[in-house]
Amino acid sequence: MKNFLILLFLLLFIGCNTNPKIEPEHGSEEVDTTCDQEGIILQILGSGGPAAGDARASTGYLVWVDGRPLVMIDAGGGTFLRLQQAGAHIRNIEFLGISHFHPDHASELPALLWSDIFSNRPAPLNVSGPVGEGSDGLKGFLSAVNDMAVPINAFTRINAIEVISQKDSITTVYKDELLNVTAIGVNHANKPTLAYKVTIDNKSIVFGADQTLDTPGFINFAKGADLLVLHLAISEEADKPFTNLHAKPLKVGSMAQESGVQRLVLSHLMKLDSVHPRAKEFSLWNINSNLIRVKDNYTGTIILAEDLKCIPL
C-alpha cells in the first residue's frame, strides 16, 4: 500500500509538470541567441553595467547584416566572450564605436585588438571614440593599449576616428556604400560621451549610451530611428552621484515618447548585492516597478535586453 501511494504521488506530480511553460519575465520573448541570416538584426552582447550582478556582461551591441557582423558598439567586460558565443569574429566587423572610456564600455577593446592580430583582416578596423584628455579620449586609450602590448600596433592596424563630443550638432563618423554612422555628444557627468546612430539601407538604430537625457539635440538625433537603445541603469529612487550619470525611468519613458520611436530597447541593467545600502537605487532591484515607470510616459513597444538576444529591425 505504501509503495502504491508513492507511485500514485509520483504519477500525479509528473502529470502536473509535463512540459511546463516557463513564461519569460516582463512579457518578453525567450532569448534567441542565434540571429537570422537575413536582414538587419541587433544582437545584445552585454546588457549589464559596471556592477557584476545578474550574470550579465557589461555593455556591448552587435549589428548583423545578412548574416555578417558588420558593426559593434561598445566593448564592455564580457563582450569578448559574448562575441564568440554569438558566432561572430572581430575580423568580419567593419566598424567599432566606443561611446566613452569607462571600463564597462571599453575594457574589452584591448583584448579585441590583441585577437585581431591573428585574424588576417583584409582591411584596417574602423574604430571611433570621443576626443578627450589622456585615456578619456580614443588616442590616449590606444596609446595605453600600445604600451601594454606593443605587437598590437593599434595606430597602424586600425583606422582611428576621433570624434569631438559636440552636444549641439551631429557628426558624420563613418560612411561607405552600405553603412552610415553619425554621432552626437551627450551628458554623462564629466566624461566625453557619444551617442551613435547606425543607418543601413534606410533602417537605423540609435544607441543612446550612458547619459542623463538632458542633451538638447538628442531627441532630434533619435527621431526617425527604427530602434532606440536607452540605458535603464537606475531606479526612480536614485540620487547623486548616480543621477549625474544616468536618467531615471520616468525620464527614459518621456524622452523615448518625444522622439517618436516606436520600439525601445532597455539595456545597461544593474543589480547590486541586496546588502548594499544603495541597492534600491538600481534598475534590477525591482525591474517590474521601473518598467511601469517607463510605461507611464511611453506608449511604444519595450524590449528588455538580455545577453545574446537577437532583435530584428
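Is R68 buried, partly exposed or exposed? I looked it up in this predicted model. R68 is partly exposed, at a relative accessible area of 37%.

**Salt bridges**

I searched the whole structure and got 8 salt bridges. I then went through some of them.

R68 pairs with E94, N to O at 3.7 Å. R68 sits in strand β3, and E94 in the loop between α2 and β4, 26 residues apart. E94 has a relative accessible area of 14%, so I noted E94 as buried.

Next I checked R82 and D307, a salt bridge at 2.9 Å, N to O. R82 is in helix α2 and D307 in the loop between β13 and β14, so the pair ties together parts 225 residues apart in sequence. Both residues are buried.

D136 and K191 came next, with their closest N and O atoms 2.3 Å apart. D136 lies in the loop between β5 and α5, K191 in the loop between β8 and β9; 55 residues separate them. D136 is partly exposed at 22%, while K191 counts as buried at 15%.

I also logged a salt-bridge network that links D54, R56 and E306.

**Negative patch**

I found a negative surface patch made of D36, E38, D66 and D201. I placed E38 in the loop between α1 and β1. Its relative accessibility is 67%, so E38 counts as exposed.

**Helix α8**

Which residues of α8 are buried? I listed P249, V252, G253, M255, A256 and S259. These buried residues pack against α7, β11, β12 and α9. After α8 comes G260, with a positive phi near 80°.

Methods: Residues are numbered from 1 along each chain as its sequence is written. This is a predicted model: local features need pLDDT of at least 70, side-chain atom pairs count only at pLDDT 80 or more; totals for chains, interfaces and linings use all residues. Side-chain values use heavy atoms; hydrogens and water are left out. Buried means under 20% relative accessible area, exposed over 50%, partly exposed in between (1.4 Å probe, protein chains only). Helices (H or I, at least four residues) and strands (E, at least two) are DSSP runs, numbered from the N terminus. Contact means heavy atoms within 4.5 Å. Patches are made of residues with over 30% relative accessible area and no salt bridge: like charges are joined within 9 Å, nonpolar side chains (Val, Leu, Ile, Met, Phe, Trp, Tyr) within 5 Å. Accessible areas come from the Shrake-Rupley method with a 1.4 Å probe; for residues, only the protein chains shown count as cover. A salt bridge is a side-chain nitrogen of Lys or Arg within 4 Å of a carboxyl oxygen of Asp or Glu. Lys and Arg count as positive and Asp and Glu as negative; His and the chain ends are not counted. The place of a charge is taken as NZ of Lys, CZ of Arg, CG of Asp or CD of Glu.
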